[in-house]
Structure formats: structure tokens, C-alpha cells
Amino acid sequence: MGLDIPVFQAYRGTSAPRFASLAELECAKVLDYYGVPWLYEPRTFVLEEDEDGRVTEAFTPDFYLPEQDLYVELTVMKQSLVTRKNRKLRKLRERYPDVRIKLFYKRDLERLAQHFRLDLAS
Amino acid sequence: MRELGDEIARDYEGREPLLVGSLKASLVFISDLSRATPILHGLDFVELAGYGSAQMGGHEQIRVLKDLDADIRDRDVIVVEDVVDTGLTLNYLVRTFELREPRSVAAVTLLDRPYRRLVADLPVRYVGFVVPDELFVGYGFDLHEQWRNLPDLHVLREI
């Protein structure tokens with residue numbers, strides 16, 4: 001995806017982030033603008049394994065804010081289509097009860113876009 | 001408003017706190033809050049360039065458009081916000097003010113959306129209303145700089 005990636009100041013990762021959507025890029029830019037340290041997809045959580053220990057289901061949240069010890073997952077899907085993601089999040093919370101994660105739905109992102117005057121159209 | 005003012009007055013009696021309004025949306029709220037706070041207190045304002053106004057020129061760091069006039073060293077500072085949402089703006093203000101060694105920093109907000117918070121441990125000590133995920137205009141709140149002047153707070157149903 002041909003996103004124009006700026007030089008980030010508050011990014012704490014080692015390799016350049018490769019965003020999957022414009023919403024992720026805009027979220028990164030907002031965090032950076034306000035000087036909140038962030039990482040992009042730094043950890044994959046195993047949710048299910050088969051009998052041989054092979055991973056059958058996993059979840060990689062979009063962002064991690066180290067100072068807040070908070071993972072953030074964005075979803076641009078309609079609320080009605082996020083059931084699968086909600087189920088993953090529920091599993092993650094059951095398996096990793098100490099992990100703090102927040103899901104931002106399409107509606108939340110639209111509100112943020114209004115607040116920060118973002119263009120999330122594409 | 002009276003409840004918020006009384007609570008602040010009770011907590012800061014004899015300390016002459018400085019109410020710091022974060023422009024522009026908190027302007028109406030701080031005006032009413034100041035008049036409803038029956039103790040000696042100072043007023044000052046700060047304005048940050050919103051993210052949206054900076055992005056047109058490419059990626060930038062946050063910029064202070066108007067800094068405090070007052071020296072806040074050893075003073076009790078109360079940041080007055082229209083709404084605390086992600087907490088990014090308030091977090092920036094609190095961190096900036098704390099570098100200036102005030103006696104304390106707290107915050108009062110008219111509206112709060114704690115469920116959207118990205119920054120924890122903010123000193124939001126006084127909250128007018130915890131509100132649902134709605135867009136508000138009036139009473140200082142705008143949409144594209146319009147409707148700030150409506151005397152009451154309105155929920156905008158459609159844009």
C-alpha cells in the first residue's frame with residue numbers, strides 16, 4: 001500500500017513500520033504529534049494451539065504504548081462485522097489477563113477523525 | 001457548575017489556584033466555572049495547535065500557540081478542559097506544566113469519555129459529566145468553528 005510514511009519522533013521500534021491502512025498511519029501520526037511513545041505490532045499473542053503445540057490462532061494488536069502499558073487495536077470494519085475481532089479480544093483477555101488492550105471501532109475512529117480533523121476516507 | 005465550583009473551593013481554600021483554560025472550546029466553561037468558584041483564584045489560558053491544523057504542512061510535533069502568562073512555580077494549577085477523550089492533549093499540558101515545578105497540577109473537565117482514554121494516570125480530579133459517544137456543539141464546542149456560540153450544549157445527530 002502506497003502510504004507516505006513520515007519520519008516519526010516517538011516511534012520506539014527498530015524497523016520502519018509498515019501500516020496496513022490509512023487509519024493506522026493517521027493514528028501513528030497523532031500519537032507522534034502528541035509525543036506519546038509507540039510501537040507498531042511489536043507482539044503476537046498466541047490464542048489457540050493444537051495438540052502438537054502448533055499455533056492455530058493468534059492476534060497481533062496494531063499499537064503498543066509502552067509508557068501506558070497499553071495495546072491498541074484499530075478496526076475500520078462496521079460494528080456489525082467486528083464479531084470475530086471481539087471474540088479474539090475476549091480470548092486474549094482470558095489467556096493474558098494482565099495485558100491491557102483497547103479496541104477502537106470505526107465509530108471511535110470517526111469521532112477521533114472529527115476531533116483531530118483527520119482524513120480517513122481511504 | 002455550582003457543585004464543581006464548590007468542590008474546587010473546598011479543596012483549594014486559601015491556596016489561590018490558577019485556573020488554566022485550554023482554548024478555544026473551554027472558554028465558555030471556564031467563564032462559568034470561575035464565577036461559580038467562590039475563592040480567590042487566578043485565570044490564564046493556553047492554546048495548542050490541534051493536530052489537524054499541523055498535518056496540512058506535513059508531519060510536525062505539537063506546537064504551543066499561546067503559552068501561559070503566569071509563572072506557575074509553586075502554584076496550584078487546575079487545567080480546565082472542555083472534554084477529556086483520549087487524554088493526549090491533557091497529557092501534553094500536564095507534562096509541560098510539571099517541568100515548571102508547580103505545587104500541584106489537577107484538571108477539571110466539563111465532559112469526560114474515559115472509555116476512549118489512551119493515556120492513563122491523568123489528574124482529572126473534577127468531572128462535570130461522563131458522556132456517551134456523541135458529538136457535541138454549543139457552549140464553546142464547535143464543528144468546523146461553527147456553533148460555539150450556542151448558549152447550551154447540543155448533541156449533533158447528523159453531519
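I started at A:Lys88, which sits in helix α2 of chain A. This is a predicted model, so I am keeping that in mind throughout.

Does A:Lys88 come out buried or exposed, and which side chain of opposite charge is nearest? A:Lys88 is buried, and the nearest such side chain is A:Glu57, 4.7 Å away. A salt bridge needs a distance within 4 Å, so A:Lys88 has none.

Next I looked up its contacts. Setting aside neighbours within four places in sequence, A:Lys88 touches A:Leu47, A:Glu57, A:Ala58 and A:Phe59.

Then I checked the helix itself. α2(A) has 13 residues, 83-95, and at 1.5 Å a residue it should span 18 Å; the end C-alpha atoms are 18 Å apart, which agrees.

Which residues of α2(A) are buried? I found A:Lys85, A:Lys88, A:Leu89, A:Lys91 and A:Leu92. On the face turned away from the buried side I noted the exposed residues A:Thr83 and A:Glu94.

What do the buried residues of α2(A) pack against? My list is β2 (45-49), β3 (55-59), β5 (70-74) and β6 (101-104), in chain A.

I finished with β6(A). It runs parallel to β5(A), joined by four bridges, and A:Phe104 is the bridge partner of A:Leu74. Both faces of β6(A) are covered: A:Ile101 and A:Leu103 are buried on one side, A:Lys102 and A:Phe104 on the other.

Methods
Residues numbered from 1 in each chain as written. Chains lettered and ligands numbered in written order. Predicted model: local features only at pLDDT ≥ 70, side-chain atom pairs only at ≥ 80, totals over all residues. Heavy atoms only, no water. Helix = DSSP H or I, 4+ residues; strand = E, 2+ residues; numbered from the N terminus. Expected span 1.5 Å × (residues − 1). Buried < 20%, exposed > 50% of the residue type's maximum accessible area, 1.4 Å probe, protein only. Contact = heavy atoms within 4.5 Å. Lys, Arg positive; Asp, Glu negative; His and termini not counted. Pairing = 2+ DSSP bridges.
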